[in-house]
Amino acid sequence: MRQIVTTRNGGVEVLKVEEKPDLRPGPGEVLVRVKAAGLNFADILARQGLYPDAPKKPCVMGYEVSGLIESIGEGVDQNLIGKAVVALTRFGGQSELVTVASNQIFEKPAALSFEKAAAIPVNYLTAYALLAVMGSLQPGEAVLIHNAGGGVGLAALDIAKRLSAKTYGTASPSKHEFLRARGLDHPIDYRNQDWLPVLLKLTENRGVELAIDPIGGGHWKKSYEALRSTGRLGMFGVSTASANGLSGKLGML
C-alpha cells in the first residue's frame with residue numbers, strides 16, 4: 001500500500017509517497033480501503049512541527065477517512081465487509097489502507113460522495129464541542145463565527161442554526177452571498193474593514209454570548225472584546241502561527 005509520509009518538520013517538500021506492507025486488522029478492528037482522506041489544519045501544523053498531539057516523525061497524518069471495509073478482525077460482524085463507511089483514525093488516515101476499531105466507523109450516507117463524507121468528522125465534531133458542549137450555546141443567544149466560510153466555520157453555522165442561535169460571521173465579501181443562503185444572519189467583511197465595530201453596531205453594543213476563534217495571537221484578545229457579560233470564548237486554532245518564517249511565531253506570541 002502507499003502512504004503519504006511526513007518525513008520531518010518543514011514545508012510540503014517533506015511529504016513523500018512511500019510503499020509500506022499492507023495492514024491486517026487485529027481483534028475488534030476493521031480494514032478500510034480508503035477512497036478519500038480528510039486534510040485538516042492540524043495536519044498542516046503537524047507538518048510544520050507546531051502540533052503537540054502529532055506523532056513523532058516520520059509519521060502518517062490524517063484524522064478521518066471514508067472508504068470500503070475490505071476485511072475484519074476477530075469478534076467483528078462479518079456483514080460489515082464491503083460496507084461504505086466513514087472512520088475516525090486519529091493519524092494514519094492518509095494511506096490506501098487503514099485499520100480502526102469497529103466502534104470508530106459509521107455507515108456512509110448514500111447521498112454523500114466519499115469526498116464529502118471524509119470532510120465531516122473533524123469539522124463537525126470540533127464545531128459541536130465548541131458550540132454545544134463547552135460553549136453551551138442556547139436558543140436565542142448570539143454567536144460570532146470567525147472564518148465562517150471555512151470547514152469548521154460552516155459546520156458551526158449549521159449547528160448554530162439547529163440550536164436556534166443568532167449568527168454573525170466574518171468572511172471575505174465573495175463568500176457573503178453563499179453564507180446568507182446557508183443561513184448566516186449577519187456576514188461581516190473582515191478584509192476591508194475592522195470587524196469589531198461592525199459587530200458591536202449590529203448588536204447595539206452588547207456583543208455576543210459566544211465567539212469561536214481559530215486565528216490566535218492578538219486576535220483572541222479582540223474576540224474577547226466582542227463578548228457580552230458572562231460571554232464565552234472558544235479558542236480552537238492558531239492559524240497565525242502557520243505563517244512562514246519568524247512572523248508566524250511572533251504572531252502567535
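Phenylalanine 91 is found in the loop between strand 5 and strand 6 (97-101); helices (H or I, at least four residues) and strands (E, at least two) are DSSP runs, numbered from the N terminus. The model is a predicted one, so local features need pLDDT of at least 70 and side-chain atom pairs count only at pLDDT 80 or more, while totals for chains, interfaces and linings use all residues. Residues are numbered from 1 along each chain as its sequence is written, and side-chain values use heavy atoms, with hydrogens and water left out.

Most residues other than glycine have a negative phi, and most peptide bonds are trans.

Strand 4 (residues 64-72) includes glutamate 64. Glutamate 64 is buried yet has no salt bridge, and the nearest side chain of opposite charge, arginine 90, is 13 Å away. A salt bridge here takes a side-chain nitrogen of Lys or Arg within 4 Å of a carboxyl oxygen of Asp or Glu; for charge, Lys and Arg count as positive and Asp and Glu as negative, with His and the chain ends not counted. What glutamate 64 does have is a side-chain polar contact with the side chain of asparagine 40, at 2.7 Å (a pair of N or O atoms within 3.5 Å; within protein, one must be able to donate a hydrogen and the other to accept it, and residues adjacent in sequence count only if both atoms are side-chain atoms).

Helix 3 (residues 121-134) bends by about 30 degrees at tyrosine 128, the bend being the angle between axes fitted to the seven residues ending there and the seven starting there. Pro121, Asn123, Ala127, Leu130 and Leu131 are the buried residues of helix 3. Among the elements covering them are strand 4, helix 4 (151-162) and strand 12 (227-235). Just after helix 3, serine 136 takes a positive phi of about 50 degrees.

How values were computed:
Buried < 20%, exposed > 50% of the residue type's maximum accessible area, 1.4 Å probe, protein only. Contact = heavy atoms within 4.5 Å.
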